[in-house]
Amino acid sequence: MSDRLLWRGDTLPATAGRIAVPGDVVSELDAVVAALDRDPLPLLVLRPEDFALKASRAFMREVKRTIDEGPGFAIVDRLPVDRWSLDGAKAVWWLLASLVARPVAQKWDGTSIYDVTDLGKPPGNGVRPDVTNYDQNFHTDNSYNNVPPHYVGLFCIRTAMEGGVSGIVSFAAAHEEMRKRHPELLQRLFQPFYFDRQREHAPGDVMTTHHPMFERQEDEGGGERLTARLSYFQVKNGYKLAGVDLDPEGKAAIEAFEAILNEPGLAAHFHFEPGQIQLVDNRALGHKRTAFKDWPDAARKRLLIRLWLRDSGGRAYNG
């Protein structure tokens, strides 16, 4: 297991993963927005090779290296969204993210860029927590799919009136705490659980998946790495949909692990600012958001633009 991922939030340097956007990158992106405002194109046809992005390419290589060889995340600080159109900001984000890995569908209908904003619904089967203002558990995005994204990216356009604090946690660090405290339960996390698929599948298809939360996989260097597909919320719903009871050992294991993830000091927390980008390795880190209170004015509502990135499998939702 890589030592670079064995970090705790209370000892992680404030500068960890943070990368300032250079002026030459901003100049290139200003030109992209101006060109697309003048001559619009559909977002899904945009490719980095169609624009002059020399500085941006070098910058995003640094961002990717920070994630892959550093703490598993990067916080890009920050882009001038206050002077860009929303369509222009989305185009910039699509192009920058494409320089890290390939954007892929986030819904079964092929939706590939996704607004994370409160739609006023309570979370439940068919309602993802990211379109509510409720508190979230630490999770990996699309934990219940065949091929979850490698990277998850969030681009902040507007923040909430109150709350909505972002949290990220290292599964490697949490795994080590679990090994020390509950060795008799740890192996259960490497065995299958039922997950709710959130109705993101073809009509009549099975509504659950069945797979472990943790797996050990060979990394690029021939070593072993821990990968996670974790969602306490989707597991609880998955067992209801499957019509079976979660076994006592499985229940004890996920509750013990949840308690570790939420212990003060293990996770890192930060407040999003407009123009910031958060990119995380979705196999290595969990993320969450606290509950929030939004602005009454719809034009000021909290809005993050999410992209899922992976170079394995197909572009379609099921990979």
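Biologist: How many bridges join strand 2 to strand 13?
Modeller: Four bridges, with strand 2 (residues 73-77) and strand 13 running antiparallel. Bear in mind that this is a predicted model.

Biologist: And which residue is the bridge partner of Ile75 in strand 13?
Modeller: Ile75 is partnered with Gln278. Leu154 also stands opposite Gln278. Strand 5 (residues 151-158) is joined to strand 13 by five bridges, again antiparallel.

Biologist: Is strand 13 largely enclosed or left open?
Modeller: Strand 13 (residues 277-281) is largely enclosed by the rest of the structure, because five of its five residues are buried. Both faces are covered: Ile277, Leu279 and Asp281 lie on one side, with Gln278 and Val280 on the other.

Biologist: Switching topic, what order do the strands take in the open sheet of three?
Modeller: The order is 12-7-14, with antiparallel pairing. Strand 12 (268-270) and strand 14 (285-289) are at the edges with a single partner strand each, so one side of each has no neighbour in the sheet. On average, neighbouring strands there are turned by 20 degrees against each other, direction ignored.

Biologist: What lies across strand 7 and strand 14?
Modeller: That's helix 4 (residues 171-181), which runs at about 60 degrees to strand 7. Strand 7 (residues 166-170) pairs with strand 14 over five bridges, and Ser170 stands opposite Leu285.

Biologist: Last one: what covers the buried residues of helix 6?
Modeller: The cover includes strand 8 (192-196), strand 9 (208-212) and helix 7 (248-261). Among the buried residues of helix 6 are Tyr232, Phe233 and Tyr239. Just after helix 6, Gly243 has a positive phi of about 75 degrees.

Note on methods. Residues are numbered from 1 along each chain as its sequence is written. This is a predicted model: local features need pLDDT of at least 70, side-chain atom pairs count only at pLDDT 80 or more; totals for chains, interfaces and linings use all residues. Side-chain values use heavy atoms; hydrogens and water are left out. Two strands pair if DSSP finds at least two bridges between them. Helices (H or I, at least four residues) and strands (E, at least two) are DSSP runs, numbered from the N terminus. Axes are lines fitted to C-alpha atoms, for helices over the stretch in contact, and angles run from 0 to 180 degrees between N-to-C directions. Contact means heavy atoms within 4.5 Å. Buried means under 20% relative accessible area, exposed over 50%, partly exposed in between (1.4 Å probe, protein chains only).
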